[in-house]
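Student: I have a chain on screen and would like to learn how to read it. Could you take me through some features?

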Amino acid sequence: MGLMDKLSNSMSQTAKSFTKLSANMVEISKLNLSIKKREEEIQQKLEEIGQYVYSRFKKMSMVSRAEVQDLILEIKVLEEDINTLEKLILNLKRLNYCEGCQLELDEDARYCPICGKLLRH
Ligand SMILES: [Zn+2]
C-alpha cells in the first residue's frame, strides 16, 4: 500500500470514528435534555408540596400525607426515569468510547488502535 493510500485510509477511519462519535454525542445530549426536563418537573411538584404544607401551617391546620400522595408518587416515577436515563448515558459512553482518548470504538475491540489502551468489557 502506498503512502497516500495509507493516509487516505486512516483519514477515512478517523472521519468514520468522528461521525459515530458525534452521533453518540447527539444521543447523549438528547438524554441529558430529558433528564433536565424531568428535574424541572420534580422541582415544580416539590414546590406544589411546599405550597400545600405552607398554606396548612399558616392556618394552623393539619398536614395530610394523603393530599400530597399523588405528587409524591409522581416524583418517585420521575426519579426512576432519571435513573434509567443516566444508566443509558453511561452505557453509551462505556460501550463506545476509549477511556484514554475518547475515540469511538467497535464494541468487540480489545485495544484502542490510537492510544493502545486495554479496554474493559
Ligand atoms: Zn484510545
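Student: What share of the contacts between residues at least 6 apart in sequence join residues at least 24 apart?

Tutor: Two residues are in contact if their C-beta atoms, placed from the backbone, lie within 7 Å. Among contacts in this chain between residues at least 6 apart in sequence, 44% join residues at least 24 apart. Keep in mind that this is a predicted model: local features need pLDDT of at least 70, side-chain atom pairs count only at pLDDT 80 or more, and totals for chains, interfaces and linings use all residues. Residues are numbered from 1 along each chain as its sequence is written.

Student: How many helices and strands does the chain have?

Tutor: Helices (H or I, at least four residues) and strands (E, at least two) are DSSP runs, numbered from the N terminus. Here there are two helices and zero strands.

Student: Where is M60?

Tutor: M60 sits in the loop between α1 (3-58) and α2 (65-96). Its phi is near 55 degrees, a positive value in a residue other than glycine.

Student: Why does M60 count as exposed?

Tutor: Count the other C-beta atoms within 10 Å of a residue's own, all placed from the backbone: 20 or more means buried, 12 or fewer exposed, in between partly exposed. M60 counts as exposed because it has 6 C-beta neighbours inside 10 Å. Of the 121 residues of the chain, 2% count as buried.

Student: Where is E107?

Tutor: E107 lies in the segment after α2. E107 has 8 C-beta neighbours inside 10 Å, so E107 counts as exposed.
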